[in-house]
Amino acid sequence: STQYIAMVLHSKGRLSELVDKQMPNEHVVMKQAKIILELAMRCVDQSPTLRPTMSEVVSELERISNWI
């Protein structure tokens with residue numbers, strides 16, 4: 001599954017390989033994509049106590065959306 005592949009890549013520090021190669025390779029876009037992927041991985045953590053709250057997710061997404 002995609003989640004399994006993401007977990008394996010994340011454990012190897014290669015999560016950025018999930019980013020669509022058609023996306024602009026601008027530094028800011030790639031940094032945003034990496035943060036979003038890392039946030040997504042935290043959201044699906046097997047341990048509920050390690051998952052961010054929805055307000056934390058919203059705050060993080062709002063923070064990086066201001067970079068544009």
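These questions and answers walk through a predicted model of one protein.

Residues are numbered from 1 along each chain as its sequence is written.

Me: In what order do the elements of the protein run from the N terminus on?
Reply: Helices are DSSP runs of H or I with at least four residues, strands are runs of E with at least two, and both are numbered from the N terminus. The protein has three helices and zero strands. The order is α-α-α.

Me: What share of the residues of the protein count as buried?
Reply: Buried means under 20% relative accessible area, exposed over 50%, and partly exposed in between, with a 1.4 Å probe and protein chains only. The protein has 68 residues. The buried share is 19%.

Me: Is Tyr4 buried or exposed?
Reply: Tyr4 sits in helix α1, residues 2-11. Its relative accessible area is 55%. Exposed means over 50%, so Tyr4 is exposed.

Me: What share of the contacts with a separation of 6 or more comes from residues 24 or more positions apart?
Reply: A contact means heavy atoms within 4.5 Å. Contacts in the protein with a separation of 6 or more are the basis here. Residues 24 or more positions apart account for 39%.

Me: What box do the C-alpha atoms of the protein fill?
Reply: The box is taken along the principal axes. Its dimensions are roughly 35 × 25 × 15 Å.

Terms used. This is a predicted model: local features need pLDDT of at least 70, side-chain atom pairs count only at pLDDT 80 or more; totals for chains, interfaces and linings use all residues. Side-chain values use heavy atoms; hydrogens and water are left out.
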